[in-house]
Amino acid sequence: MEVHSHVNKNLKVFILFASYGEGHLQASKALQHAFGRNGISQVELIDLFAEAHPMINDITKYLYMKSFTVLPSLYGWIYYRTKHMKPHTVFSDWLHSFGIRKLKERIQAESPDIVINTFPFLVMQKLKEETGIDIPTYNVLTDFDLHERWVHPQIDKYYVATEDLKLQVEKLGIPSQRIHVSGMPLKESFSSRSDAAECYRKFGLDPKYNTLLIMAGSYGIMQGIHSICAKLAERKDTQIALVCGKNKFLLAYMQKVFANHPHVHVYGFVHDICDLMAISTCIVTKPGGITLSESLSSNLPILLYRPVPGQELDNARYLVSKGAAVIAHKPKALAYQLELLLQDAKRLDRMRQSIAALQKTNSADNIVLDILNSV
């Protein structure tokens, strides 16, 4: 797809995200860079809730992170209680009003031509209804299963990961032509192949061994990470690449614990994660939407450890149903699932075929081109 020649290169774009986890920001950055590659430079990323309500944002972020380790069932209860919320209930109107004054100020000051949501704070839709402001607005969904707070009649178009997700949105009355199966926007580096030998050198890994990539999450909050690494490190044919994300305490602790283990390699936040994924045999990860999409793009069989109730559990169940992932709740069970994959070439091939069926290429550029050709 190419941009029509009539597209104004001076368009201004707002991308509204939220910093609950890293995925929404990464998706937003991928879109920003895709706009840049297509000649649109005035693209602003706005963490609207953080700007409008910094104290509430900090508290809710803290509670969100804690919910993964302290009270995951409470977060799941809230998630599923609101999963089928409709766009014009008292609760949804209240929820979508957070940040409305700040967004109105930003729009009046900067006059954007396009607004994109990569998080379901649909403040723009509330503002449209209250003021009559008419700016094309698009939703880029960042999970494999639908929470209905994403859906609002004022949205011009939805970009989703799979045909199944498109069907879920359609069932809520959204016309098919307003839903595009694009995949999730990823960094441009996931669209190209890096030199494997160079990647092994960069990360200090040995190509003679299977490489098991363990992602503790952007904030290093995967439960039982020490037990997982200790159990999986027992394999003689496998080296572990543990990514601790932004959790400096976890990084220091795991470096100390495995300082004398030659097959456990510990890293902090890895910016060029695509290169590490490119040389990995399998991945153990939390089932965040963007990380899962990156894994699919890298053709990585996925082992999901203790998915917490909510969007992560729904993401996990979806990929398991498609044959692209397996779930384990104990380190011993995880080691057993890994053993099954590594000892059975046919099983591994079947999983990779299932992964290939879910892959979408150049998603960020495809989303941007589709938007630019519609304005």
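**Exercise 1. Find what the side chain of Ser354 reaches, and at what distance.**

Step 1: Locate the residue. Ser354 is found in helix H16, where helices are DSSP runs of H or I with at least four residues, strands are runs of E with at least two, and both are numbered from the N terminus.

Step 2: Look for the partner. The Ser354 side chain reaches the backbone oxygen of Lys322 at 3.3 Å.

Step 3: List the neighbours. Leaving aside residues up to four places away in sequence, Ser354 touches Lys322, Gly323 and Ala324; contact means heavy atoms within 4.5 Å.

A word on the model before we go on: it is predicted, with local features needing pLDDT of at least 70 and side-chain atom pairs counting only at pLDDT 80 or more, while totals for chains, interfaces and linings use all residues. Residues are numbered from 1 along each chain as its sequence is written, and side-chain values use heavy atoms, with hydrogens and water left out.

**Exercise 2. Describe how H15 and H16 cross.**

Step 1: Two packed helices are described by the angle and the distance between their axes.

Step 2: Read them off. The axes of H15 (residues 331-343) and H16 (residues 345-358) come within 5 Å and cross at roughly 100°. Axes are lines fitted to C-alpha atoms over the stretch in contact, with angles from 0 to 180 degrees between N-to-C directions.

Step 3: Classify the angle. H15 and H16 are therefore roughly perpendicular to each other (65 to 115 degrees).

Step 4: Name the contact residues. H15 contributes Leu340, Leu341 and Gln343, and H16 contributes Ala345, Arg347, Leu348 and Met351.

**Exercise 3. Work out whether Thr118 is buried or exposed, and which residues it touches.**

Step 1: Thr118 is found in the loop between S3 and H7.

Step 2: Check accessibility. Thr118 counts as buried because its relative accessibility is 0% (buried means under 20% relative accessible area, exposed over 50%, partly exposed in between, with a 1.4 Å probe and protein chains only).

Step 3: Collect the neighbours. Not counting residues up to four places away in sequence, Thr118 touches Ile15, Leu16, Phe17, His24, Ser28, Leu31, Val140, Thr142 and Trp150.

Step 4: Pick out the polar contact. The side chains of Thr118 and Ser28 make one at 2.8 Å; the term means a pair of N or O atoms within 3.5 Å, and within protein one must be able to donate a hydrogen and the other to accept it, with residues adjacent in sequence counting only if both atoms are side-chain atoms.

Note on methods. Parallel < 35°, antiparallel > 145°, perpendicular 65-115°, else oblique.
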